[in-house]
Amino acid sequence: MKNTHKQKELWFGFSEDKVFGEIMSNPAFCKHVLQGILPEILIKKIFPPKKQEVIIDPEHRDQKDVRLDILVEDINGNLYNIEMQRSDDDDIARRMRYYASKNDQRYTLHQGYTYNNLKNVFIIFLCTFKTKQKVAIKSTYQTINVDNHADILQDGLTKIIINSNGVPDGTETETLLNLVKLMKDLPVHGDKLFDKAQKRIESMNADPEWRDTIMDFETRMLEREQVGEKKGLKTGALTLVASLKDVGCTSQQILQQLKQKYGNVFSDKQLEEFLKQS
């Protein structure tokens with residue numbers, strides 16, 4: 001019997017990388033969102049946002065590269081790095097630290113300037129995953145004196161986590177609450193810029209070329225993550241070999257340890273090659 005039920009097409013919402021980059025690269029919408037997240041700062045004007053900006057250090061190829069979802073600077077020189085985070089790898093804090101260091105490395109201080117010229121940096125993570133404990137929608141972190149929490153180190157770095165599954169505390173702006181709805185693929189009403197964003201998301205989903213682009217991108221990112229994971233495991237295997245050699249283990253003993261720990265990822269031939277390399 002022929003199945004007459006049409007399979008429902010996958011919906012690519014605001015949190016999907018390509019969609020997020022397309023929507024947030026609109027200067028008017030990006031400025032609107034930033035102002036909603038940071039109402040205490042008057043953001044007069046922003047320069048066109050950069051999307052999928054890759055930071056590579058050619059002189060240190062062993063360092064982890066970074067691909068920034070959205071990078072934008074305002075007319076006062078403040079730098080905003082906005083990232084969409086859909087999965088909880090239990091590394092948000094350290095990931096934010098690394099992103100901040102990469103922003104400083106590339107964008108915040110030019111040769112010949114003093115440290116007083118260092119730009120203010122805001123690392124903003126938009127998280128859609130559920131947390132084990134209740135959290136606020138918006139959490140702001142700065143460098144404080146642990147002995148006196150009122151003493152904030154003026155290093156110009158602010159880290160903000162927006163969690164769409166967080167609990168509102170009454171301090172959120174209407175724009176921030178609308179952003180949370182958009183992150184959850186819920187309809188937003190009464191805001192012209194969000195109306196335009198939602199219509200753009202709808203048009204992207206209705207466009208076969210855009211859908212192909214999104215799906216191809218998702219596939220490439222998955223492959224990239226898998227390659228990165230395997231590269232990290234290889235580094236771990238080589239480190240294990242070196243450590244075991246230092247304590248006087250025989251090649252047979254080392255190979256046995258490698259098979260026990262990495263045998264489900266690498267073949268015996270690959271593990272033997274690691275033993276030769278180290």
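## A walk from the helices to the sheet

Select helix 2 and helix 5 to begin: they lie oblique to each other. (Oblique is what is left once angles under 35 degrees are called roughly parallel, over 145 roughly antiparallel and 65 to 115 roughly perpendicular.) What you have open is a predicted model, in which local features need pLDDT of at least 70 and side-chain atom pairs count only at pLDDT 80 or more, while totals for chains, interfaces and linings use all residues. Residues are numbered from 1 along each chain as its sequence is written, and side-chain values use heavy atoms, with hydrogens and water left out.

**Stop 1: helix 2 on helix 5**

Helices here are DSSP runs of H or I with at least four residues, strands are runs of E with at least two, and both are numbered from the N terminus. Axes are lines fitted to C-alpha atoms, for helices over the stretch in contact, and angles run from 0 to 180 degrees between N-to-C directions. Helix 2 covers residues 27-37; its axis and that of helix 5 are 10 Å apart, at an angle of about 125 degrees. The crossing is left-handed. Now show side chains: Ala-28, Phe-29, His-32 and Val-33 of helix 2 make the contact with Leu-193, Phe-194 and Ala-197 of helix 5. By class, 6 of the residues in this contact are nonpolar, 1 is polar and none is charged. Contact means heavy atoms within 4.5 Å. As for the classes, Ala, Val, Leu, Ile, Met, Phe, Trp, Tyr, Cys and Pro count as nonpolar, Asp, Glu, Lys and Arg as charged, and the others, Gly among them, as polar.

**Stop 2: helix 1 on helix 5**

(Left-handed is when the near helix is turned anticlockwise from the far one by less than a right angle, right-handed when clockwise.) Lys-18, Val-19, Glu-22 and Ile-23 of helix 1 meet Ala-197, Arg-200, Ile-201 and Met-204 of helix 5. This contact has 5 nonpolar, no polar and 3 charged residues. Ala-197 is worth a label, being listed in the contact with helix 1 and in the one with helix 2.

Next, click on Trp-210, which is in helix 6 (residues 208-246). Apart from neighbours within four places in sequence, Trp-210 is in contact with Glu-22, Arg-200 and Met-204. From Trp-210 to Val-19 the gap is 191 residues in sequence but 9.3 Å in space, C-alpha to C-alpha.

**Stop 3**

Which residues of helix 3 are buried? Select Ile-92, Met-96, Tyr-99, Ala-100, Lys-102, Asn-103, Tyr-107 and Thr-108. Buried means under 20% relative accessible area, exposed over 50% and partly exposed in between, with a 1.4 Å probe and protein chains only.

Two strands pair if DSSP finds at least two bridges between them. Strand 2 (residues 66-73) and strand 3 (residues 79-85) run antiparallel and are joined by 4 bridges; Glu-73 has Leu-79 as its bridge partner in strand 3.

**Stop 4**

Colour strand 8: 5 of its 7 residues are buried, so it is largely enclosed by the rest of the structure. Strand 4 and strand 8 pair in the parallel sense over 7 bridges, with Asn-163 as the partner of Cys-127. Strand 5 and strand 8 run antiparallel, joined by 4 bridges; here Ser-139 is partnered by Ile-161.

Finish at Ser-164, in the loop between strand 8 and helix 4 (174-183). Is Ser-164 buried or exposed? At 4% relative accessibility, Ser-164 counts as buried. Leave out residues up to four places away in sequence, and Ser-164 touches Cys-127, Thr-128, Val-180, Met-183 and Lys-184.

**Zooming out**

The protein chain has 8 helices and 8 strands, and 37% of its 278 residues count as buried. Of its contacts with a separation of 6 or more, 63% are between residues 24 or more positions apart.
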